[in-house]
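Here is a report on a two-chain model.

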Amino acid sequence: MTSITLNNVSLVYRLFEKLTLSAPGRRRSALGGNIAKSGTKQVVQALDDVSFELKAGDRLGLVGPNGAGKTTLLKVLYGIYQPSGGTISIAGKVDALFNIHIGFRPEATGRRNIVLRGLISGWTAAEIEEKMEEIIDFSELGDFIDLPFKAYSQGMAARLAFAAATALEPEILLMDEWIGAGDASFQEKAKRRMDELAEKAGIIVLASHDDALIQRVCTKKMTLRAGRVESLT
Amino acid sequence: MIAALNGAFDDISKAMRLHRVWIALAHEDIGDQHRRTTLGPLWMLVNYFAFVGTFAFVFVTKDAGNPSYIAYVAIGMLVWFYLTETITMSVSLFQREASFIQGTTLPLFVYVMRLTMQCIIRAGYSLAGCVLILLLGGYGINTNWLVSMLGLLLIVLATPAFVMVFAFLGAFFPDSEFIVGNLMRVGMFFTPVFWVYSGQEGVQKYAYRWNPFTYFLEGVREPITAGIFPIQALAVTGYVCLGLWALALLLLGLYRKRIVFLI
């Protein structure tokens, strides 16, 4: 049974001062969040005491101002960031739509890019084979699929990236903003694909600034502010 | 410590299961670098011949035409180029892979193996050139070549450890990219790549005896050019390999989840 349970999850990381010869003010790298002092060290409290439970059928919308912790929470759920406190329990296969263009290589053909994208997403050779024609059909690239990716127009590149990224069968789907691509007619098709994807997924967690979208797609809404849960309705 | 090592082994075992990913990406990397050229990756072979030829026939004129010296330089260049390329590219590895590290859950060791694979493919072209030079120089294939292969194998085994150690160094100390690059350029003159040590005193003596790269080179070169089993060179290479792996595993175990916050 698909489920996500977070208990008092926090993400605190030390604001690392890189060993560098540059000026002191340029030595740090931070994700955002609250910067606080812990002894002599500066730390960032990116998430603080976040708890919630989702079960199959739940669609959670994450809202809040920039730097509130929406993307950070998605990345914690996906496993990119390891929480520094609390517990996370996830049952189900997690897929994420963060950056649909990741891994695309300008010199490789569209077909080769689908293979690479599949490998990066952990698909087997048989899965790549199985999804290949469907992705090509959906992207409407026709013979262009065997030309280098760099030869594509912006719209064509976006259609291929969208088709490959959304060829998923996720049990849990994490999204940082709703994605769309291409011209008006493709956008309509993309919207239908996203709706189908959302329908198929057991659980969705969607971070967005678009209230209307959250209202349309989600069954729950969590407001984050400075890494803390302000409200969950 | 145990938990850190377990974490490191877990990352490595996940990455090894994803071998198709790093092999495919490494091949694409090599292809991309030469895609618009006529000779393609054969340019790596041309570059190798150009360097060996320059050192053998132009730069060190007193030994020009001496087949044993040409073999000496050919093997020296093969190993040195491989080590230099591996180390200098490793320092900026995590920066180059930032979008993957921040956007996917691929194990960190995937990127280490991607670069290792790239360096091995490139070295394969130089190796082909080196073998050709040796054969033309009258060094027929014999059992000494097997010992030389053992030296190469040790270097290949050390490569992922080299990559990890220098990649973490580059993540924590970004200036090291330029420091290491310059040191490796200078290091060629402090390593017996093209000069021959024959008992001289002074800087050359220390550069020969206390430079670990000397042993990496000699472990591959001595079996062919001197016809001996380089027990000391192979032992030192083995110890360096073990030391590097111990350090690399520790770094991977302790810091692999922190890299995403550093790049």
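## Interface

Chain B and chain A bury about 2700 Å² between them, with 61% of that on carbon and sulfur atoms. Buried area is the accessible area (1.4 Å probe) that two parts lose on being put together, summed over both. In contact terms (heavy atoms within 4.5 Å), 28 residues of chain B meet 30 residues of chain A.

Three salt bridges are counted between chain B and chain A. A salt bridge puts a side-chain nitrogen of Lys or Arg within 4 Å of a carboxyl oxygen of Asp or Glu. Glu28(B) and Arg112(A) form a salt bridge through their side chains, at 2.5 Å, N to O.

## Model and confidence

The model is predicted: local features need pLDDT of at least 70, side-chain atom pairs count only at pLDDT 80 or more, and totals for chains, interfaces and linings use all residues. Residues are numbered from 1 along each chain as its sequence is written, and side-chain values use heavy atoms, leaving out hydrogens and water.

pLDDT is the predictor's confidence in each residue, from 0 to 100. Chain B averages 92, and 97% of the residues score at least 70.

## Nonpolar patch

Leu150(B), Leu153(B), Leu157(B), Phe229(B) and Ile231(B) make a nonpolar surface patch of about 500 Å². Patch residues have over 30% relative accessible area and no salt bridge; nonpolar side chains (Val, Leu, Ile, Met, Phe, Trp, Tyr) are joined within 5 Å, like charges within 9 Å. Accessible areas come from the Shrake-Rupley method with a 1.4 Å probe; for residues, only the protein chains shown count as cover.

Notes:
Chains lettered and ligands numbered in written order.
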